[in-house]
Amino acid sequence: MIQRKQTIFLLLALLSLIVCLCLPIGKIEPQGMGVMTIWYNLGLVTDGMMRPQPMLFVDLVVTGILAFIAIFMFKKRKVQARLCSVSMVLCLAWYAYYAFCVLNEFQTGGTFRIAFAACLPLVAFILLYLARRGVIADEKLVRSMDRIR
């Protein structure tokens, strides 16, 4: 199981999603006087008070769970490839909601600064794509071996 390159890609994608869950994904610096707001996947933190916004958190948790399940589906390559595809779509949905929040909700609050962790779902997307490509290549290899017999 761990010898396959797709498993390594899936583990690295899962790791990048977990790191993204723990780190801030943006900061809102107020214009004039005020307190800086830090944006995590779970919500906005200002002065120790949290205003929940769990959509990004739920999206990353579901993506991580699907990537984790895909690791153990190595005997069912079609299901594994499908799980990778769904996880990739969820990564894109994360960016769509992230952009929606930045463009619509945070315009009036001050200057928005993107944090490093906002690029981690893109890293996970690329790793999931590589894993899916490896799974499909394995499936083609198995089918060609069955044809030779």
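This is a conversation about how the terms used for a predicted model follow from its computed values.

Trainee: Why do strand E2 and strand E3 count as paired?

Mentor: Pairing requires at least two bridges between the strands. Strand E2 (residues 37-39) and strand E3 (residues 43-46) have 2 bridges in the antiparallel sense, so they meet that requirement. Trp-39 has Leu-44 in E3 as its bridge partner.

Trainee: Now the charged pairs. Why is the contact of Glu-29 with Arg-113 called a salt bridge?

Mentor: The cut-off is 4 Å between the side-chain nitrogen and the carboxyl oxygen. The closest N and O atoms of Glu-29 and Arg-113 are 3.5 Å apart, so the pair qualifies. Glu-29 lies in strand E1 (residues 26-29) and Arg-113 in strand E5, so parts 84 residues apart in sequence are tied together.

Trainee: What makes Glu-139 and Arg-77 a salt bridge?

Mentor: Their N to O distance is 2.8 Å, and the limit is 4 Å. Glu-139 belongs to helix H4 (residues 120-148) and Arg-77 to helix H3 (residues 77-105), so this pair ties together parts 62 residues apart in sequence. Glu-139 has a relative accessible area of 17%, which means buried under the 20% cut-off.

Trainee: On to the rings. Why is the pair of Trp-94 and Tyr-95 called edge-to-face?

Mentor: Ring centres must lie within 6.5 Å, and planes over 60 degrees apart count as edge-to-face. Trp-94 and Tyr-95 have 4.9 Å centre to centre and 90° between the planes, so both conditions hold.

Trainee: And why is the pair of Trp-94 and Tyr-98 stacked?

Mentor: Stacked applies to planes under 30 degrees apart. The planes of Trp-94 and Tyr-98 are at 15°, with the ring centres 5.1 Å apart, so the pair is stacked. Being 4 residues apart in helix H3, Trp-94 and Tyr-98 are separated by about one helical turn. Both Trp-94 and Tyr-98 are buried.

Trainee: Which residues form the aromatic cluster?

Mentor: Trp-39, Trp-94, Tyr-95, Tyr-98 and Phe-112 form one cluster.

Notes:
Residues numbered from 1 in each chain as written. Predicted model: local features only at pLDDT ≥ 70, side-chain atom pairs only at ≥ 80, totals over all residues. Heavy atoms only, no water. Buried < 20%, exposed > 50% of the residue type's maximum accessible area, 1.4 Å probe, protein only. Phe/Tyr/Trp six-rings, centres within 6.5 Å; stacked < 30°, edge-to-face > 60°.
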